[in-house]
Amino acid sequence: MTRPRVLIEEDFPVEALGVESRRENSTGQHPAPNRLHVWWARRPLTVSRAAVLGSLLPADTDPKWFLRVLGIKGDPVAARQRMLDARAKGERVPGDLYGYKRAFSCLPDNHDMDRVKSDLLRIWGTWDLSIMDPMAGGGSIPFEAERLGFKTLANDLNPVAHIVEIATLKYPRMFGQKLVPLIKHYAQNMYEKGKYNLANIFPSTSHGIDLDYIWAHTIKCASCGYEIPLSPNWWIRRDDEEHLAVRPVVKHNSNRPEFMLVDVNEEPDYNPDQGTVKRGVAVCLRCHDLTDGEEIKRQAQDGRMGYQLYAVVYTTGKGRSFRIPTTEDEAAVQKAEKLLAQKLPEWENKGWVPTEMIPDGNKTREALRNGYRRWMDLFAPRQLLSLLTYLEAFQEVKQEILSNHPFSEARAILTYLAFTIDKSADYNSRMTRFDGTRNKIANTFDRHDYAFKWSFAEMNLTAPGLGFDWAVDQVIDAYEGLCKLIGDKGNLQWFEQPVLEPTVRLGSATDLYDVADESIHAVVVDPPYYDNVMYAEMADFFYVWQKRTLGDLYPEVFLGDLTDKNAEAVANVALFRSGGTIKPKIQAEKNYQNKMKEVFQEVYRILKPDGVLTIMFTHKRVEAWDTLASALIHAGFEITASWPVHTESEHSMHIANKNAAESTILLVCRKREASRGGWWDELLPIVRERVLERAQVFERKGFRKLDLMLATYGPALQVLSEHWPVKDSTGQLVQPERVLEEARSLVTQLRVTELVQHRQVVFDPITRWYVLAWDVFGAEKFPYDEARLLALTCGVDLDRQVIKEHGVAVKSNKYVVLQTPAQRMEGHRWGNPENASLSLLDGLHLALTLYQRDGGIAASQYLQRHHLDTDVQFQALVDACLLAIPRVRSEWKILQALAVAQFRQTSHVLEQMTLEQLPTLSEDH
């Protein structure tokens with residue numbers, strides 16, 4: 001069978017897509033699907049459209065025209081470079097460097113779509129093509145397929161994702177803008193009812209309208225019984241306009257502190273960074289005794305943890321201000337607690353209170369550890385009262401809506417009203433926090449977990465135009481945006497048939513029983529990434545509310561008490577904690593691999609013989625890639641191309657301290673036409689050639705560190721999948737992990753060559769590991785398993801040599817943390833500068849420590865005494881570290897200062913940098 005190659009198998013505009021993907025969320029106004037409802041790890045719309053079209057258009061498609069169809073109507077790479085150049089010079093960045101709207105906001109015009117139709121007809125023999133995403137999540141991929149007019153199928157196992165997909169893909173096309181005034185009308189009814197019933201617990205004040213309340217969880221000091229407000233710092237606002245904080249004041253006639261507002265600019269001696277809790281240990285404000293983490297956890301689990309209000313955010317209509325709580329505020333909270341106690345029995349009888357127990361899961365264990373046993377426990381009393389009051393208002397307007405509208409329309413209205421409850425809960429739980437740098441509440445799921453917050457924020461849902469009103473505006477704005485993005489149906493008239501509503505199904509991707517064999521032209525999927533996100537555990541937070549708002553409207557969706565964890569394709573160790581001789585992690589990994597294999601077997605069944613499977617995958621661990629590749633290969637697929645696209649957040653001080661990948665890898669797969677078979681010894685040169693060639697290509701396109709490593713995994717796996725089954729000289733099957741390790745080794749060799757500026761030097765294994773750890777991971781902390789694999793590549797034992805003997809790093813749970821030069825000097829025998837057996841890395845770290853502690857002269861004398869100032873290898877190490885270590889790190893800044901002082905004429909890196917690019921240290925150094 002001859003199957004013409006498609007565009008994504010031959011070429012893909014990764015640089016332009018990377019810039020545009022970052023731009024997609026850079027304005028602070030996220031695309032409408034993202035704003036509608038929380039879903040985790042969404043892919044950019046621009047990349048989603050590119051993956052769909054690239055999987056269908058012929059390989060000879062004009063790349064420039066393809067970018068235009070994607071909505072990229074300029075040169076984003078050049079625009080971004082102009083922006084970076086301006087920033088480097090300290091110049092003001094012009095307002096619009098791109099000259100066109102963000103790509104996702106544009107649909108192709110009829111002329112371009114006619115050309116698409118012609119190209120599709122040429123390669124597929126029809127333009128009536130079917131696209132499916134069997135694990136659709138938030139719906140980015142099917143949304144873009146729908147916008148282009150293709151027959152679209154979206155599937156997900158998770159009920160919350162299913163409802164989000166219906167609200168994203170179906171209702172905007174069914175009802176359009178006519179739904180907007182109806183949602184507004186009934187939402188206003190809900191707001192008025194809620195505001196009336198909550199009037200006494202959010203009292204009016206002379207200051208203005210209270211918006212947010214900032215709380216600290218509290219415990220009792222074991223020594224003196226004082227109530228300790230737990231907060232790592234006392235900042236409430238820290239931006240370009242103001243530096244405000246609170247100061248706790250101990251009153252000897254009171255068993256809890258009071259607070260005062262502090263303008264830090266006017267009181268520079270006050271340090272708000274000195275909170276009451278650090279590294280899980282609390283300090284008493286009165287007696288200064290310490291309470292360890294175990295005692296804090298014990299009080300939380302015994303129900304003895306409380307909370308104290310320490311700041312209120314209010315507005316007078318002219319921006320946001322802060323005040324200290326008053327006795328009226330405390331009285332209002334007490335009223336709320338009494339009212340909740342009165343109303344709770346009635347609401348529980350009606351089944352409105354989320355009393356379901358929180359299961360002992362992977363991420364939910366974080367909540368259980370801190371005393372949250374039921375889902376209702378995630379809310380402080382007034383937060384819970386507010387949410388249940390608006391839920392009561394929802395139930396009251398529901399009957400009116402069902403009486404006044406056809407069922408399908410009524411269900412759509414109520415779905416978006418239910419989202420306002422979800423959004424209110426997301427911004428009004430004990431796991432929110434007040435972000436003083438942005439002067440707003442950060443929602444419960446600003447991370448993908450249930451991490452405990454020492455201090456949390458509460459939103460006044462009754463605040464006019466804010467609170468619940470804000471949640472309504474967000475949902476309506478997102479809905480209007482969805483309607484605008486799908487555009488006038490006239491844009492899709494080239495299909496010569498009515499645009500079909502997408503099919504949105506609920507069920508496991510391992511059993512697509514109602515999708516016919518060989519009926520789908522392209523499957524484009526963004527699958528769960530191993531153990532990155534526990535989707536079902538996260539979604540339960542919303543499920544318990546949606547079951548109460550929408551359960552009777554979608555009875556087939558909300559069948560269980562909570563979401564299905566057992567059928568989910570993630571590596572969830574919590575499912576395997578009870579019993580068995582095999583470690584839970586190993587069982588979880590095997591379970592994930594089996595489920596992904598079943599998913600890809602189903603994809604194989606529904607995909608046409610010449611169909612295309614395109615997978616988006618973002619994970620840094622080799623185990624995840626090994627599992628994915630094994631599932632694909634055993635299901636009968638071969639990888640025909642792979643492309644890295646920068647889709648994640650920019651490098652910054654935040655990212656510099658994390659082991660983070662910035663790229664999504666797109667793997668393009670086809671049904672393997674025959675089992676060719678092959679021998680590893682014969683294929684190894686091909687793997688090496690392919691990896692090195694693609695690594696150099698991707699490096700020229702701006703991929704660095706961990707992203708460059710990940711970008712080569714696809715080409716390596718491509719060789720294995722093309723020749724499967726592959727055996728080694730002993731007759732054993734070569735597994736993907738072995739091929740990935742080869743890619744890893746080749747990239748590290750390439751990176752060392754680049755880092756030493758192609759000089760003929762050889763680092764000892766310890767030094768090599770240290771330099772590559774910074775270069776690959778770009779962070780001081782990274783997974784132990786990844787550190788171990790890198791050590792094997794460098795020919796060194798991680799535990800015995802790197803950690804124990806040389807103290808280059810320490811192990812911290814599942815992670816390895818690089819030690820600073822000063823930390824190494826404190827803890828190891830080579831702290832004596834005259835030790836003659838020091839390694840190259842030891843010499844560098846000693847020089848840096850001496851420079852920081854005793855100044856440049858002491859460091860220079862040390863280098864001269866040991867002839868390191870003229871040592872070519874040592875100078876190469878300096879250059880390598882200047883390139884590998886993030887510039888925000890103190891190590892880099894000290895190294896830069898040392899290099900300027902000692903190697904100004906010989907350091908290749910410094911010679912290529914202007915003085916403006918070289919940050920200087922203080923005179924103390």
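1. The largest cavity has a lining of 35 residues, and those that lie nearest its centre are Met135, Ala136, Gly137, Asp156 and Pro528. The model in which this cavity is found is a predicted one, and about 410 Å³ of space lies in the cavity.

2. As for where that lining comes from, at least two residues are supplied by each of α8 (140-147), β2 (151-156), α17 (535-550) and α18 (584-606). Sorted by class, the lining of the largest cavity holds 17 nonpolar, 10 polar and 8 charged residues.

3. By class, the lining of the second largest cavity has 6 nonpolar, 1 polar and 3 charged residues.

4. Arg382 belongs to helix α14 and Glu458 to strand β15, so the pair ties together parts that are 76 residues apart in sequence. Arg382 is buried, its relative accessible area being 4%, and Glu458 likewise counts as buried, at 2% relative accessibility.

5. Helix α8, which supplies residues to the lining of the largest cavity, also takes part in a salt bridge, in which the closest N and O atoms of Arg173 and Glu146 are 2.9 Å apart. Because Arg173 lies in helix α9 (residues 159-175) and Glu146 in helix α8, the pair ties together parts that are 27 residues apart in sequence. Arg173 is buried, with a relative accessible area of 6%, and Glu146 counts as buried at 1% relative accessibility.

6. A further salt bridge joins the side chains of Glu699 and Arg751, at 2.4 Å from N to O. Glu699 is found in helix α21 (residues 680-700) and Arg751 in helix α23 (residues 736-755), so that this pair ties together parts that are 52 residues apart in sequence. Both Glu699 and Arg751 are buried.

7. Salt bridges may also share partners, and in this way Lys343, Glu346, Lys350 and Glu392 are joined into one network.

Technical notes: Residues are numbered from 1 along each chain as its sequence is written. This is a predicted model: local features need pLDDT of at least 70, side-chain atom pairs count only at pLDDT 80 or more; totals for chains, interfaces and linings use all residues. Side-chain values use heavy atoms; hydrogens and water are left out. On a 1 Å grid over the protein atoms alone, a cavity is a set of points where a 1.4 Å probe fits but cannot get out, and a pocket is an open set with protein on both sides within 12 Å along at least five of seven lines; lining residues have an atom within 4 Å of a point. Grid points are joined across faces, edges and corners, and a volume is the space filled by probe spheres set on the points. Helices (H or I, at least four residues) and strands (E, at least two) are DSSP runs, numbered from the N terminus. Ala, Val, Leu, Ile, Met, Phe, Trp, Tyr, Cys and Pro count as nonpolar, Asp, Glu, Lys and Arg as charged, and the others, Gly among them, as polar. A salt bridge is a side-chain nitrogen of Lys or Arg within 4 Å of a carboxyl oxygen of Asp or Glu. Buried means under 20% relative accessible area, exposed over 50%, partly exposed in between (1.4 Å probe, protein chains only).
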